[in-house]
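Student: Hey, can you walk me through the strands in this one? I'd like to see who pairs with whom.

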Amino acid sequence: MKLHFSKLLLICLAKDTLLLCVLIFTIFQTIAVATAQDGKLVRVRGEILDERTRKPLVGANVYFEEIRKGAITDADGFFTLQVPAGKYNISISIVGYGVIKQEIDATNDANISLKLSEKIKVLEEVEITEKRTDENVKAIEMSKIQLDIRNLIKIPVAFGEADIIRAMMLQTGVSTVGEGAGGFNVRGGRTDQNLVLLDEAPLFGTSHLLGFFTNVNPDAVQSVSLYKGGIPAQYGGRLSSVLAIRTRSGNDTIVSGAGGVGLMASRFLIEAPIIKHKASILVAARVTYPNYLISIVQNPTYGNSKASFYDINAKLEFKPTIKDRIILSSYLSRDVFRLPTDTAFAWQSSSATFQWNHSFSSALFSSVTALVSDYKIVVSGNRDKFDYELTNTINHKEVKANIIYNPSEKLNAEAGVSTIWYTLNPATLKVPEGSNLIALKIPNEQGREMAVYANAELQLLPSVSLSLGTRYSFFQNVGARPLYVYADNLPRTVLSITDTIQYAKGEVLKGYGGLEPRISLRFITGKSSSLKVSYNRTRQYIHLISNTTAIAPADYWKLSDPYIKPQVSDQYAIGYFQNFKDNGLEASIETYYKDISNIVEYKNGARLLLNKNIEADLLPAIGKAYGVEFTLKKNYGKLQGQIGYTYSRSLIAVQSTFDQESINNGAFFPSNFDRPHNLIITARYPLSKKWTISGNFTYATGVPTTLPDSRYQFSNKTYINFSLRNTDRIPDYHRLDISLIYESKSVSKKYASSVIFSFYNVYFRRNPFSIFYGNRYGYDQAYKLSILGTLIPSFTYNFKF
């Protein structure tokens, strides 16, 4: 049977129907495989594990020597490859482990399990000589960052704790507004526009201690992936990025553990088999004792504060059959921060995920997931006659199912459905009897979000691959709750309310929905180079209400309703990827452009807290972001590292028919996260067999701010008059960090340890976090607030057994 690919291609292009093209090409690929003249094709699916711990190895290279084809293991340590039926010699390798070679019989579909032993590293072995992966060039995905968990502890950070989000901030396109800021920003987006998933459950708070620590114990993490663009169709609900964190499965063979003790925090992890080779459990915990170190913060308000946090991860995995895997994972964290005055903050995150993965065949897989995630913030005051407790919460319940069909190397299809139920408590103010304050309750909000998606990756030509997907999402805001009605010809204010409608439980206030197409193309342009393009549309139905640039304890979430429309973003990206030195030197340049609508912005003088008419203080805005990201990464030799430079802009405009609601006369102005220039240099060098030195240098343009440009007098008082919003900037940010790492391992490999000496902010740079004005001695003066304005040395001892 002879199929004319070129004729099919011309017919599709003539009809100008992309979806029809995809369908025809899919049929073509299936028939072509079924009628291949090279003989019977079989599928080899394998799992690569650590020999001692039986943990899956991510990113292992599997190479079939006879046909010179290979594959790379995924986040679960699995690989799949379609090959002609026969016997093969395969080799498996990954950095830090020995290389093994084995003969396999693949005359029919085969499932294999192979184990690699970790090797003791000596100085001469630092220069890797085996074939390195070219995944950055060959993969369809672009704008994706895969974090190297093995080297996480070698990155110098404040207080010496390995940190996932701080490591991500050393990559292009990822930034923060400053030290001590919770959350992170991706390609000029806001902190609430990032979907952070821990074992599929969303986290609404991502930091401990007001931003100094990521709230996930790094010892419990198996893989971390960040999608800045080209977001797969299975993900939705946020505009800027998806940060997918997957925790480790427990050791189902032997009892093992890991941990660390530092000046700021300690952590411990234990894992053990329940039923050998079938069921395992993992528990990881972390606690902190920072009070005696907070005094070094260069601010009297925070320097006399009290703080603490803890977090716990647990994971139970059961394999009832060779085709089934049942996973139950949970998470709990709590922070307490008390100012030296009379105010205390406490916030708590919790989640639980149940997942059942089933393999119908070597080509067909399914997954069913049910999860719940909670986030609670409590602000309390303790002053005579003014005691209070202010609480806000968000509850997220979700059920989803997806199916994966992978009949050949040239086609990988995935589809799924999901439904989410939101319950939000924006604010509940409780006061004791006899207080001068009045109790207040802002009505709860409920909403449901449903989605269906499909995605297919297929090879159109030997040098051209396509990933095409779409997602349809639908959202409804439902009662019971009141809705205020405002006059049409006036700005929304309390004075323009004309009516109040009370919606019953389950009654729909407003619904939104729409398609979210996703497409990525990869063109192989040479032996070690490729060109990639991508487009994705995303919708966001939930918004963080905050008047700060960073996530703060007083922030709260709000659902889209008749007045607040869902945010919508369209992102276009193109990138060129080139490897040199046998893939030991990776270079890439990506450029992107984003159009964003319905961003939540605030009126001048907006009151956000305890405001039952919050929609009257919010304004819809439009935004645009664009930039260029350049990365050069060296993976070979003793000196390894990366240089990353980003030029980007993030602009916003508030345009209204009412002059008093327009900001900066309706013109585009820099958003709070606009940092045009960002340079990051990281390096790592082995000083001996056991000693390694590493360092980071960071430079970024100062964040926008609004400074006064004049003063005036009224009734014998002097007032400051501020300029247009965000037309000024605080001084630029730069910092150097260095760490020394000593690693040792017992001869039996049953015990390993490392000692890390970290020096954060080596040259004592007082980077301003903000600039504020106050009247002192009868004069208005400007003050710069620096959170960490000095060198911070730290010491951490890590171990595993």
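This is a predicted model: local features need pLDDT of at least 70, side-chain atom pairs count only at pLDDT 80 or more; totals for chains, interfaces and linings use all residues.

Student: Which strands form the open sheet, and in what order?

Tutor: Three strands do, in the order β4-β1-β7, and their pairing is mixed.

Student: Why is one side of β4 and of β7 left without a neighbour in the sheet?

Tutor: Because β4 (78-84) and β7 (110-116) stand at the edges, each has a single partner strand.

Student: And how many degrees are neighbouring strands of this sheet turned against each other on average?

Tutor: It's 25 degrees, with direction ignored.

Student: Ok, back to β1. How many bridges join β1 to β4?

Tutor: Seven, and the two run antiparallel; β1 covers residues 41-50. One to look for: arginine 43 has glutamine 82 in β4 as its bridge partner.

Student: New topic: what do β18 and β19 form?

Tutor: They form a hairpin, with three residues between them. Strand β18 (residues 265-275) and strand β19 (residues 279-288) run antiparallel and are joined by ten bridges. In that pairing, isoleucine 275 is partnered with alanine 279 of β19.

Student: Which residue in the turn has a positive phi?

Tutor: Histidine 277, at about 70 degrees.

Student: Which strand do nine bridges join to β19?

Tutor: That's β20 (residues 306-318), and the pair runs antiparallel.

Student: Which residue in β20 stands opposite isoleucine 281?

Tutor: Leucine 316 does.

Student: And where do side chains point in a regular strand?

Tutor: They alternate between the two faces of the sheet.

Key: Residues are numbered from 1 along each chain as its sequence is written. Side-chain values use heavy atoms; hydrogens and water are left out. Two strands pair if DSSP finds at least two bridges between them. Helices (H or I, at least four residues) and strands (E, at least two) are DSSP runs, numbered from the N terminus. Axes are lines fitted to C-alpha atoms, for helices over the stretch in contact, and angles run from 0 to 180 degrees between N-to-C directions.
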